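Dear colleague,

Please find the structure below, together with its sequence. My notes on it follow.

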Amino acid sequence: HSAVYATIDDNPFLPKEYVESMKALYSGAFSEQELYAKFVAYEGLVYGDLIDNELHFGDFHYNEELPVDLTYDFGFPNPTAVAVIQQNGYGDIRIIDEIYKYRTLDEDIVAELRAKPYWNNISDCIADEARPDSIERLRLLGVPARASTKGKIQDGIVKVREILKLNPDTKIPILRADRRCSQLALELQQYRWKDIKSTGGLNEEAKWGSEP
């Protein structure tokens, strides 16, 4: 067997803007693997032992008979991330769509939402409590936004791990997402415990990527 290694910088056909956006998006070991063709091992992943692409991602389209909920993480200049969720009443949670945009105004995000088939079926939107002015703007734009309740990171991790596990009745994960939700998949795979450089260990605080 032989192998040919090529990094993102070796491809002369990729636009410079695209290369720069990918480098901004990926970080740490995932960047080494996805952009620089290296075989890497991941340490300290929060959900890495649970994520199974075949189990957790599939084809989950909008069901017009079920209400739609949004989670809204404000960006600018960081990416704005919107997850579009439906629950079937049996405890199953399905993320049917996502919007992930860099340097985009909320007005433009809402315009994109308005073009979706589920726009008129949005019943709830939980948004970052740290941005009350932005939440009010979403309301004025027609999104039923309300502030999230701030909790401990650790409690959230425990909850997410629980819903990533198999439903004991159906034998499938409680939380699944449409395969088009590539940014969600990426963030679940990258989320890890924060390094403690002085000891080389890990603590109970989680964060994205590989920054200290």
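Strands β2 and β5 pair in the parallel sense over five bridges; strands are DSSP runs of E with at least two residues, helices are runs of H or I with at least four, and both are numbered from the N terminus. Two strands count as paired if DSSP finds at least two bridges between them. Within this pairing, Val-68 has Ile-122 of β5 as its bridge partner.

This is a predicted model, in which local features need pLDDT of at least 70 and side-chain atom pairs count only at pLDDT 80 or more, while totals for chains, interfaces and linings use all residues. Residues are numbered from 1 along each chain as its sequence is written, and side-chain values use heavy atoms, with hydrogens and water left out.

Strand β5 (residues 122–127) is joined to β6 by three bridges, and the two run parallel. Cys-125 stands opposite Ala-145 in β6, and Ala-127 has Ala-147 of β6 as its bridge partner. Together, β5, helix α5 (residues 132–140) and β6 make a right-handed β-α-β unit (with the strands pointing away from the viewer, the path from the first strand over the helix to the second runs clockwise).

The whole sheet is open and has seven strands, in the order β1-β7-β4-β3-β2-β5-β6, with mixed pairing. Its edge strands, β1 (57–58) and β6 (145–147), each pair on one side only.

Next comes the nonpolar core (a set of buried Ala, Val, Leu, Ile, Met, Phe, Trp, Tyr and Cys residues joined through side-chain atoms within 4.5 Å). Buried means under 20% relative accessible area, exposed over 50%, and partly exposed in between, with a 1.4 Å probe and protein chains only. The largest core has 21 residues, and Leu-70, Tyr-72, Leu-113, Tyr-118, Leu-138 and Val-143 touch the most other members. At least two residues of this core come from each of β2, β3, β4, α4, β5 and α5.

Finally, the structure holds four aromatic pairs (rings of Phe, Tyr and Trp, the last by its six-membered ring, with centres within 6.5 Å; planes under 30 degrees apart are stacked, over 60 edge-to-face, the rest tilted). The ring centres of Tyr-72 and Phe-74 lie 4.9 Å apart with planes at 50°, so this pair is tilted. Tyr-72 is buried at 3% relative accessible area, and Phe-74 is buried at 7%.

Yours sincerely
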